[in-house]
Amino acid sequence: MRVASGPGELGPGPRAVALGTFDGVHLGHRRVIEKLLEAGPEPTVVTFDPHPRTALGNRVELLATLERRLELLDELGVAAALVVEFTLEVANLEPQEFADQVLRPIGAETVVAGADFRFGRARRGDLATLESLGFQTSPVAILEGISSTRIRELVREGDVKGAAQLLGRPIEVEGTVVTGDARGGTLGFPTANLDVRPELLVPANGIYAGAALDHRAAVSIGTNPHYGGSERRVEAFLLDYSGDLYGRRLIVELWSRLRDEQAFASEEELVAQIARDVELTRAADRPV
């Protein structure tokens, strides 16, 4: 998939274009992309970074980084993506100005979006506006109960199975592996400590079964209360993995929540519980 940061990098098309933020690339987004692939030549996504609500001063905990969103869209068959830097100037564009500055220069002929899509200053534009400006449009019906907002709610609660049903894939935690306390290695369960970007949503504290790098992974999210920790961390023990992960980008799937984090009466009890967590991880099923 070709990725551009300006219309001039893509050229004049012709194109079918899907508009949206696509945070998480959930089942509703996938329906939009399916319609895009049917709609016409060179299926192209126009998306925004940062999230429009953050540019307007609101905090949004994202389900995926821009890099991950683009990877997922590429996997679905999108041929090109235009990433529009969402600034206050972009937010204040009238719908016709947005069409003239973004859509027409890339040769957009058909525009695909969710039926509730809005754009332009004060969200004045919709698909009917685009039709009045000469574009063909293809609205996609909203899938009831499926939204990035609802998925965020489930993730905050630790309901990773419920979130997966709306995503169509397991929820993920992404970060760069950094040096931790190295306690896991001394206990016999060396973990990869993830540095997760602050704008990304991390599930509720607890112990999870999941996977990374085609290996099952027992994942701890929280403050490590057994050792009196205060810093919230994401640590993954990759089963049957050997190798140096430091400095590597790691995407960890979370399949199921095993238990709350807790302090133990002794280190021996902690090790025994980790061993049980590992066995539950070996037996866990990928949710979708």
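## Contacts and overall architecture

Among contacts between residues at least 6 apart in sequence, 75% join residues at least 24 apart. This is a predicted model. The protein has 288 residues, of which 50% count as buried. Its secondary structure comprises 11 helices and 12 strands, and the C-alpha trace spans about 70 × 35 × 35 Å along the principal axes.

## Strand E7 and its partners

Two strands are described here as its partners. With strand E12 (residues 249–259), E7 pairs in the antiparallel sense over 6 bridges; within this pairing, glutamate 172 stands opposite glutamate 253 of E12.

The pairing with strand E8 (residues 192–195) is also antiparallel and consists of 3 bridges. Here valine 178 has asparagine 193 in E8 as its bridge partner. As a general point, the side chains of a regular strand alternate between the two faces of the sheet.

## Helix H8

Helix H8 spans residues 148–157, and its buried residues are Ser148, Ile151, Arg152, Leu154 and Val155. Viewed down the helix axis, these buried residues fall within an arc of 165°, so they line one face of H8. In general, an α-helix has 3.6 residues a turn, so residues three or four places apart point the same way.

The packing partners of the buried residues of H8 are helix H2 (27–39), helix H3 (52–55), helix H9 (160–167) and strand E7. Glycine 158 follows H8 and has a positive phi, near 85°.

## The largest pocket

The largest pocket holds about 1,100 Å³ of space. Its lining comprises 36 residues, and those nearest the centre of the pocket are Gly20, Thr21, Phe117, Arg118 and Arg123. By class, the lining divides into 19 nonpolar, 11 polar and 6 charged residues.

Several secondary-structure elements contribute to this lining. H2, H3, helix H5 (88–91), strand E5 (108–114) and H8 each supply at least two residues. Of these elements, H2 and H3 are also packed against by the buried residues of H8.

## The largest cavity

The structure holds 1 cavity of 30 Å³ or more, and the space in the largest cavity is about 80 Å³. The lining of this cavity is formed by Leu62, Leu63, Ala64, Thr65, Arg68, Glu172, Val173, Glu174, Val196, Leu200, Leu201 and Ile251. These residues divide into 8 nonpolar, 1 polar and 3 charged.

Strand E7 gives the most to the cavity lining, with 3 residues. Glutamate 172, which stands opposite glutamate 253 in E12, is among the residues that line the cavity.

Threonine 44 is found in strand E3 (residues 43–49). Its relative accessible area is 0%, and it is therefore buried, the cut-off being under 20%.

Leaving aside residues up to four places away in sequence, threonine 44 touches Leu10, Arg15, Ala16, Val17, Ala18, Leu36, Val78, Ala80 and Ala81.

Notes. Residues are numbered from 1 along each chain as its sequence is written. Side-chain values use heavy atoms; hydrogens and water are left out. Two strands pair if DSSP finds at least two bridges between them. Helices (H or I, at least four residues) and strands (E, at least two) are DSSP runs, numbered from the N terminus. Buried means under 20% relative accessible area, exposed over 50%, partly exposed in between (1.4 Å probe, protein chains only). The arc is that of the directions from the helix axis to the C-beta atoms. Contact means heavy atoms within 4.5 Å. On a 1 Å grid over the protein atoms alone, a cavity is a set of points where a 1.4 Å probe fits but cannot get out, and a pocket is an open set with protein on both sides within 12 Å along at least five of seven lines; lining residues have an atom within 4 Å of a point. Grid points are joined across faces, edges and corners, and a volume is the space filled by probe spheres set on the points. Ala, Val, Leu, Ile, Met, Phe, Trp, Tyr, Cys and Pro count as nonpolar, Asp, Glu, Lys and Arg as charged, and the others, Gly among them, as polar.
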